[in-house]
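Dear colleague,

I am handing over the structure below for your review. A short account of the findings follows it.

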Amino acid sequence: MNYNLNHLRELESESIFILREVAAQFENPVLMFSGGKDSILMTHLAQKAFHPGRIPFPLLHIDTGHNFPEAITFRDDLVERLGVRLIVGSVQEAIDKGMVVEETGYNASRNGLQIAVLLDELEKGKFDAALGGARRDEEKARAKERFFSHRDEFGQWDPKNQRPELWNLFNGKKQYGEHFRVFPISNWTELDVWQYLAIENVPLPSVYYAHKREVFERDGILLAENEFTPRRPEEEVKEMMVRCRTMGDMTCTGVWPSDATTLEAIIQEVSTTRVTERGARSDDKRSETAMEDRKKKGYF
Amino acid sequence: MSISVDNSELLRFTTAGSVDDGKSTLIGRMLYDSKSIFEDQYEKLKATTERRGEEGVNLALLTDGLRSEREQGITIDVAYRYFATPKRKFIIADTPGHIQYTRNMVTGASTANVALVLIDARNGVVEQTRRHAIIASLLQIPHLVVCVNKMDLVDYSEEAYEAIKEEFESFASKLDVVDVHFIPISALKGDNVVHRSDKTPWYDGPTLMYYLENVHIGSDHNLIDVRFPVQYVVRPNTDEHHDYRGYAGRIAGGVMKKGDEVMLLPSGFTTKVAKIDTFDGELEQAFPPMSVTVLLEDDLDLSRGDMIVRVNNQPEVTQDMEVMMCWFSDRPLQPRGKYTIMHTTQEARCVVKEIRYKLDINTLHRDLEDNDIRMNDIARVVLRTTKPLFVDEYRKNRITGSIILIDEGTNNTVGAGMII
Ligand SMILES: Nc1nc2c(ncn2[C@@H]2O[C@H](COP(=O)(O)OP(=O)(O)O)[C@@H](O)[C@H]2O)c(=O)[nH]1
């Protein structure tokens with residue numbers, strides 16, 4: 001008898017352990033659901049962690065209003081299938097109420113506005129732990145992120161003052177008004193996620209598979225033609241076979257030329273690709289430390 | 001489906017070395033030669049190297065994290081890196097080597113299968129080398145690889161290599177490390193890292209990558225003593241699963257089988273394992289580090305922090321324990337101080353009854369007089385807890401043998417201990 005788990009089963013077990021730890025240590029957790037493959041993976045793992053019970057916390061989606069339409073349909077079906085509660089925090093509403101001000105100009109994005117809306121929702125819901133699908137391999141500021149990441153009462157992250165994490169002992173203690181961000185899939189890489197979604201047959205939104213779409217090129221990135229991003233005259237729309245590697249706002253998520261219409265083909269593509277998945281997000285291209293700066297303010 | 005992941009294990013290793021021994025270059029080299037660096041990362045590196053007025057591509061910059069560190073040019077925290085080869089997936093806990101970062105090294109070492117210790121071939125075994133080896137032995141990292149780096153600067157000399165090997169071996173004989181391996185490398189030039197070097201014909205061992213891909217880690221977990229700390233109780237309370245009461249947790253030791261006679265701690269009741277449940281169906285047996293849900297034959301009331309064990313193989317049930325403690329806080333360890341203690345899924349309060357000695361982690365010298373335990377110090381201390389914990393010696397089981405202490409005022413994790 002061989003008592004070895006393969007790496008995907010070991011990662012799965014680690015993530016389930018963290019999810020259960022959150023349910024046990026916190027009073028009012030919430031799962032931040034972006035609609036992307038990492039959040040979908042999180043819901044799948046949560047389903048496993050609490051089987052045959054239901055996932056004991058709601059999902060929170062911060063809706064910029066600039067989503068791929070496919071993502072919203074998928075989200076609503078998933079919520080129904082899991083039998084969980086969905087909370088939607090609307091960036092549009094926050095703009096209308098004057099809580100935040102819309103960015104304008106060429107590279108305008110609602111990404112920054114999500115932070116304020118997220119913090120507001122966490123406060124309104126009195127959530128003491130917000131589960132996120134961030135991974136350490138995504139970006140170098142994330143390489144040092146803890147599984148249990150403590151946030152002060154302003155929701156801020158202090159990278160210099162992180163709690164050490166040893167063995168499988170996770171310290172979720174906090175003062176009143178503070179909360180935690182918890183990242184159960186910290187140790188997964190992009191390839192791990194795809195391989196696992198494939199062996200588990202997890203359904204995904206169609207935009208992840210190669211499909212025909214109208215796109216245009218900006219700063220070396222292909223963006224999906226959409227009603228929210230005004231184009232410059234020289235930016236020509238063309239139809240191409242593309243797919244998403246990450247899924248955020250249509251305004252800043254790049255799409256990739258691809259023929260990968262199946263998970264196997266995607267895995268093949270991911271394992272031979274030479275560009276990081278965040279290489280296609282214009283929000284990360286703003287500066288070398290863009291992610292770190294956003295994280296300190298309370299980004300996912 | 002053509003996805004072959006079945007035999008791909010996960011290996012976690014730590015790296016430690018003095019500043020400038022070439023740790024960052026080595027990690028960069030492994031990522032680069034195993035083709036784990038993406039084009040956009042490579043382009044950024046090239047640009048940054050040029051901006052700094054350096055030549056070529058500085059692979060060391062790859063492992064460079066937060067802004068403040070970039071400014072100071074040193075690594076101050078534990079950073080995790082990932083790469084994979086067709087054989088294994090690797091997680092590197094990249095830790096700084098200074099004495100003032102002992103706590104970071106301890107953190108990185110806590111979950112590692114392999115410790116990678118770097119030595120500059122020109123300098124030989126230095127204080128930091130000894131410290132890293134001592135930490136690896138205290139934390140019971142099962143395998144130690146000593147990379148003698150910068151071989152290019154000593155003309156790939158076998159004598160230089162052998163001298164360092166001998167010096168390290170004579171020191172390591174005093175340590176509790178079982179498996180030590182030596183490899184002559186040049187991180188900068190790539191010799192014996194991923195590709196075998198033709199400049200070291202006298203060396204017939206594996207390259208570093210080959211070693212990491214093949215070192216046997218199957219027995220790194222304790223497979224003998226069944227330990228199942230209850231983490232969470234699953235009670236669906238739906239019509240379909242009305243009477244379902246499952247104990248969710250992660251196997252911390254041993255192989256648990258359906259039908260096993262088990263004892264519950266702290267109650268001491270005995271019963272049988274009725275079912276080992278998962279989302280993917282029932283299992284006949286479960287072993288570390290699997291996360292499962294255990295159902296028992298009798299309707300007994302267990303809760304988080306309780307433990308399921310075999311009837312004739314029990315951990316020690318005790319309120320008194322001695323631990324090797326690594327201190328993490330800028331507030332010194334308080335003799336008679338009270339702290340929250342976390343052990344497996346249990347939590348209690350504890351008092352520091354005695355500080356036996358402070359360990360000099362450069363020499364292993366025990367100072368019985370020194371009770372002043374500050375950040376990064378390691379000391380042997382006696383603790384008494386408010387309720388019994390179910391503990392094993394750390395050398396027998398890293399999960400049931402480890403604890404952390406939490407400051408009750410700040411909620412910070414202030415100490416990490418290994419039970420003796
Ligand atoms: N000649 C030579 N230089 C090396 C080697 N490995 C690292 N270096 C150089 O040593 C210096 C320190 O390396 P770095 O990786 O930054 O060390 P760290 O402080 O341990 O991370 C750099 O200038 C490297 O280029 C090697 O194998 N041979």
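Please begin with Arg356(B), which is placed in strand β18 (residues 346-359) of chain B. Please note that the model is a predicted one. Beyond its neighbours within four places in sequence, Arg356(B) is in contact with Glu322(B), Leu368(B), Arg380(B), Val381(B) and Val382(B). With Glu322(B), the side chain of Arg356(B) forms a polar contact of 2.6 Å. As for His98(B), 258 residues separate it from Arg356(B) in sequence, and the two C-alpha atoms are 25 Å apart in space.

The ligand is the next point. It is surrounded by 16 residues, the closest being Asp20(B), Lys23(B), Ser24(B), Thr25(B) and Asp152(B). Backbone N or O atoms lie at these distances from an oxygen atom of the ligand: 2.6 Å for Asp20(B), 2.8 Å for Lys23(B) and 3.0 Å for Gly22(B). Of the 570 Å² of accessible area that the ligand has on its own, the protein covers 75%. Helix α1 (residues 23-33) of chain B contributes the most to the shell, with three residues. The shell comprises five nonpolar, six polar and five charged residues.

Finally, in chain A, helix α5 (residues 111-124) has 14 residues and should span 20 Å at 1.5 Å a residue; its end C-alpha atoms are 20 Å apart, which agrees. Among the buried residues of α5(A) are Leu113(A), Ile115(A), Val117(A) and Glu121(A). Just after α5(A), Lys126(A) adopts a positive phi of about 50°.

With kind regards

Note on methods
Residues numbered from 1 in each chain as written. Chains lettered and ligands numbered in written order. Predicted model: local features only at pLDDT ≥ 70, side-chain atom pairs only at ≥ 80, totals over all residues. Heavy atoms only, no water. Helix = DSSP H or I, 4+ residues; strand = E, 2+ residues; numbered from the N terminus. Expected span 1.5 Å × (residues − 1). Buried < 20%, exposed > 50% of the residue type's maximum accessible area, 1.4 Å probe, protein only. Contact = heavy atoms within 4.5 Å. Polar contact = N/O pair within 3.5 Å; in protein donor to acceptor, adjacent residues only side chain to side chain. Near = heavy atom within 4 Å. Areas by Shrake-Rupley, 256 points an atom, 1.4 Å probe, with all protein chains shown as cover. Nonpolar A, V, L, I, M, F, W, Y, C, P; charged D, E, K, R; others polar.
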